[in-house]
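Please read the points alongside the displayed model.

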Amino acid sequence: MELQVTNSPFHAEQIELLNRLLPGLTDNQRIWLSGYLTALNSSSAIASAIVNSSIAAHPVAAAAPLSKEVTVLYGSQTGNCHKLATKLSKKLEEQGFQVSLSSMGDFKVNGLKKVQNLLLLVSTHGEGDAPDNAIAFYEFLHGKRAPQLNELRYSVLALGDTSYEFFCQTGKDFDKRLEELGAKRIVPRVDCDVDFDEQAAEWMNQAIGSLGESPSGQAVAGGTTQSIGNVAADAESEYSRTNPFHAEILENLNLNGRGSDRETRHVELSLEGSNLEYEPGDSLGVYPENHPKLVDELIEEMGWNENEPVTVGKSGGKSPLREALLRHYEITVLTKPLLGQIAKLTGLDRLNDLLKAGLEQELKDYLRDRDLLDLVRDYALKGVPAEAFVSVLRKIPARLYSIASSLKANPDEVHLTVRKVDYEAHGRKRYGVCSVHLAERAAIGDSLPVFVQQNANFKLPQDPNAPIIMIGPGTGVAPFRAFLGERQETGAEGKSWLFYGDQHFSTDFLYQVEWQRWLKEGVLTRMDVAFSRDTDKKVYVQQRMREKSKELYRWLQEGAYVYVCGDEKKMAHDVHAALIMIIEHEGGKTPEEAAEYLSGMQQQKRYQRDVY
């Protein structure tokens, strides 16, 4: 991995020196350097150096080996950290470590004091929030009950997205708090953007190498330093996030009726020959194409030749410029790191001014709803060579969609429910990259690069008799179509209740015929709907929940599992508040007791959310 200003804490001059030094180092030199830097970071670095010198001159009995027990904790909303943690645990075990792997939600916090080696992998969700299954551990660690951890060695891998203001904030918080509690870093925290595979593999290599050494850099008996290689190399399937399967489009139709101001696509894809498998609650990653109109306007504005070969990917392969901008590089989202890279590339004082301290709100306002074409026009970037310009762009990220089908009910197929996004902003038409690709340009017979994103945090109960309550307005209803299709195939007898909402009954009732059929057959026990634009006063799903509060609370008391899918910023927040109110009112509890009740459900995996 080549260091850059955006993926490291070093300034440009340091990065140039490091990039010249690091590639030529042997494995042993890298390991020695890692241990040396770790020792420097501890308060006893000078004393350690003196002791090591003494040992070298006057050999004495070897120090007791460090513990070979390693605890790997993950906090994951969509499954990436869970998958990485599983791979890391497997590699640690192969190299002789005794590994305890757990989600943060399942970890017994009273055992933290006994842990000596901790590797923590966590994503950041929403606006700097911890994932649902990390909330309890996060609150414990930041609360008064957190113990001193002077004997703990740790490292953090943080996953995030630089297009969000609080990039990798949860990982940063954990890293800082563990240090405050006295723990010592094995290797520095690594903050990963959406294209995280290479950085994650590098962090794993460094962490495992350092776990095989004492803090002074001496090898521990039994420690090994075998390189992990690319994280995706050991994937269970031939196809993965880094090697997507090209799935043929079997069906692509608009679910909304004539007259609706919305367009929601039902897309059916063939998985035949892929050996890809999924469960209800999993997501499908789709690599989209940028809008050809935006690509052509950008090329024209910059005065580039669309056929000029430019570098794509870390392997250094070449592709015609237009093809690279269509399928490889992200051009629709502006981020602070990107502006910093372009400012460095161009030397523009005006662009540097926007990045100065104290102008955070101005920067945030500028980044909102603007793309690369806006930037090149606003700052007159014409003339920058294409190869240099694309070198600072990040890879176009996959879009994750909740799978709307059961593999048991639809063998060798996967279905998606995707709402088209387009709007006006700053005097121009804006396009949702993947949704518009699917709605306007993806035809039956075409193929899409896809992969399955497993999500252990959004799963049907293991007990088929357990009742389930599903809350999913709009396209948030997608996974519940998968849930009911699965329950029908498996003959599950547990009660089911769906809360669904959209704008208009006549034009926006997604999958209406299927819900009615499942109600008739008893697969779906009951359904409550809220169509917000059909009455003078807008009605939403959380209001329907409050209207049925007595029965809903009875279901909770019977052990019902609650699932929420859809918009996080408003809907999920309002649904959460409605659940608290229902538990408080119907259960005769204080607000604090109601919140604790819902938190307990979350710990028991009876309250699960797939929100975005």
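1. C81 is buried, its relative accessible area being 1%; buried denotes under 20% relative accessible area, with a 1.4 Å probe and protein chains only. C565 is likewise buried, at 0%.

2. The model is predicted, so local features need pLDDT of at least 70 and side-chain atom pairs count only at pLDDT 80 or more, while totals for chains, interfaces and linings use all residues. Residues are numbered from 1 along each chain as its sequence is written, and side-chain values use heavy atoms, leaving out hydrogens and water.

3. With a disulfide taken as a pair of cysteine sulfur atoms within 2.5 Å, the count is zero. C81 is therefore in no disulfide: the nearest cysteine sulfur belongs to C192, 8.6 Å away.

4. An open sheet is formed by five strands in the order β19-β18-β17-β20-β21, with parallel pairing. Strands are DSSP runs (E, at least two residues) numbered from the N terminus, as are helices (H or I, at least four); two strands pair if DSSP finds at least two bridges between them. β19 (526–531) and β21 (607–611) are the edge strands, each with a single partner, so one side of each has no neighbour in the sheet.

5. Strand β17 (residues 468–471) runs parallel to β18 (residues 496–502), and four bridges join them. Within this pair, I469 stands opposite W497 of β18.

6. Helix α20 (residues 549–557) packs on the sheet and touches β17, β18, β19 and β20 (561–566), contact meaning heavy atoms within 4.5 Å.

Notes
Axes fitted to C-alpha atoms, helices over the stretch in contact; angles between N-to-C directions. Buried < 20%, exposed > 50% of the residue type's maximum accessible area, 1.4 Å probe, protein only.
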